[in-house]
Structure formats: C-alpha cells, structure tokens
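Please examine the structure shown here.

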Amino acid sequence: MHEAYRRPAASARRPCGKVDFCHSQDPFPRLIGATCVFVHAVNRIPILTYHALHAPGDDYASNDHAALETDMAVLRRLGFRIAPLADVAAYAADNGARYLEQGTWAALSFDDGTDWDYHDYDYDGRCIKSFYTILKEAAVHGESPPPTAVSFVIASPEARRILDRTCIAGRDNWRDSWWSDATRSGVLGIGNHSWDHVHDTLPTVAQREQRKGTFLGVDSLADADIQIRQAEQFICARAGATTRLFAYPYGEAPDYLVADYFPNHRERHGIVAAFVTGGDYVTRRSNRWKIPRFVCGEHWKTPDELARILTAANSPR
Ligand SMILES: [Zn+2]
C-alpha cells in the first residue's frame, strides 16, 4: 500500500457511505388475453457510485479503480448501456429522456473529486488508471452513447487543501485544475458535492452549530446557501460549466433541503436534481431531490454482487 493512498487517519472518514433512504416501486398487473402478468410500471435504472480515494490495495475489494474497470465489462456482458447522469435525473423528474423507458440502462457517478477521477496515478512504481481513463478505454467497444459519468466535487479550496492532508497523503491531489478539461472532454461532467462536506477533520465548517460528519445539520437557508448555492457558483466559475446536479455528502438528505430549499428556491441555487445513496433503482416516480444510488463497497463488493443488482433491475417482481 502506497502512502499516497494510505487509509485516512482515525478521525477522518471515507465520505458518503451510509445506507439511508430505500424505496421501491411496485409493479402493477396487466391482463393480456386471459393471462395476468406483471410488468414494470416504469423502467428501473441503477446508478453506480465509486470513490477514487478508496484505493488502499490493488484488487477489486480494495480499489475502486480496479472495481470500475471490471464492472465496465460486467455491464457490457449483461447488455447495459451507460446513460448520461443528467438524463437519468430528467427521467426521474419525468421531465424528458423518455428513451430510458426502454432497454437496459445504468449510470455512473464519482464522489469527492480527488485528482484521480481525472488523472492517472503514477508514483514510485505504482500505477492506477483514473476513472476518466477507464471510461475512455471502455468507449472503444463502440456502445452508443459512449460511457460518461459525473464527478461530484467539493468546492472549497481551503477544505480540499486540508482534506488532502487529513484523508490522503498531503501531496496536493485534491485540486480543481482538471475540472474544466474534464467538462470539455464530454466524458466527465462536474457536479456539486457541497462547499466543505461538513467533514469532521476540518477546523470549521459551513454549519451554524459546527455539526460535523453529517449533512443532516444543513437545514437552514443560510447554511444551504453556502453549502449548495455558493458551491455551485464556485464550481461553475472554475469548470466553465456544471451539470447542475448535487450529491449529498454521506448520502444524507435533510428534509429541509428535499422539501423546501431545492424545490422552492430553484432560481437561487440552479440545481435540477439531487442524489442520495440508499441502494435502490431510479424510476420515473423517484423524487428528483432524493434520487437513489448504489455505492461500490457498500451495496456490492464483488462482480457477482453487481451482476445481481443489474439483473434484478430487469427482473419481473
Ligand atoms: Zn462524499
């Protein structure tokens, strides 16, 4: 294990990993001739989430880069195509992307936005492909559309500078210099993962009571405006554009944000959809402010477990 990827200090947390909101949609019976069969009311789409900083080892279980490269082959073998995450968000909001009602689709997202979303790691004899490289290589198989993903990044430069030391090796690997190149690549879009992740290794966070290590304390207009609106403005300025998508740190969605801030202040923040974790499929009935995702290492740990998630997306229930 190389120190650049050494495990975080005990006080640091690997972001985004809690199981929270689970919901599922029931199929409805439809009479065809004399036979009553069950069909899906709407298509079910899994969104798969990876963390570039999870790479203490080199195998599937200990390295999300190795997992993603293997999983791209699993997706291809099972006939899944990768839809743009923004299209899946539109589908969840019943606001376009109707092509997703047919076929087998998945989507990809990456959380926390360390450099290794975009840049290959090559240091002291250890080489790890970035998520960007893995998607570019997967595109040679000719699927349409070519695979894309969204990197959900932490906006605050000061927070990233500290997290670079408290969560990884302190070699300035949590930069924003690649955001604009990623945006222009058409492979990786940039999404909003809050201002500072209210991370518990930061001396101060943008939460009025200094509640750290949870996003559930972001439940006021003032805090939300920093964590979401200010972050969105910063990301847009640095990346040149944003996807207008938000991923809750720790996968946690405060009721205030879901029920009030996001739906009622859209001109203020500009976000069009928000993602939790929870391990469930997206449907056209999903709440656009609480779209579920599956997390590598939490909801599946092996290629076979991922295959079960993918197969279940299409299985009559
Ligand atoms: Zn996170």
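In this predicted model, the largest nonpolar core comprises 87 residues. The residues with the most contacts inside this core are Ile-45, Leu-85, Val-88, Ala-106, Ala-107, Phe-131 and Ala-274. Helix 2 (residues 85-92) contributes the largest share of the core, namely six residues. For Ile-45, the contacts beyond its neighbours within four places in sequence are Val-88, Leu-100, Trp-105, Ala-106, Ala-107, Tyr-281, Val-282 and Ala-313.

Helix 1 (residues 64-77) packs against helix 3 (residues 131-138) at an angle of about 15°, and their axes are 10 Å apart. Because angles under 35 degrees count as roughly parallel, helix 1 is described as roughly parallel to helix 3. The crossing of the two helices is right-handed. Helix 1 supplies His-65, Leu-68, Glu-69 and Met-72 to the contact, while helix 3 supplies Phe-131, Ile-134 and Ala-138. Of the residues in this contact, five are nonpolar, one is polar and one is charged.

Is Ala-159 buried or exposed? Ala-159 is buried, because 22 other C-beta atoms lie within 10 Å, and a residue counts as buried at 20 or more. Not counting residues up to four places away in sequence, Ala-159 touches Ile-154, Asp-196, His-197, His-199 and Leu-202. Ala-159 and Val-205 are 46 residues apart in sequence, and their C-alpha atoms are 8.6 Å apart in space.

Technical notes
Residues numbered from 1 in each chain as written. Predicted model: local features only at pLDDT ≥ 70, side-chain atom pairs only at ≥ 80, totals over all residues. Axes fitted to C-alpha atoms, helices over the stretch in contact; angles between N-to-C directions. Helix = DSSP H or I, 4+ residues; strand = E, 2+ residues; numbered from the N terminus. Parallel < 35°, antiparallel > 145°, perpendicular 65-115°, else oblique. Left-handed = near helix turned anticlockwise from the far one by under 90°. Contact = placed C-beta atoms within 7 Å. Nonpolar A, V, L, I, M, F, W, Y, C, P; charged D, E, K, R; others polar. Core = buried A, V, L, I, M, F, W, Y, C linked by C-beta atoms within 7 Å. Buried ≥ 20, exposed ≤ 12 C-beta atoms within 10 Å, placed from the backbone.
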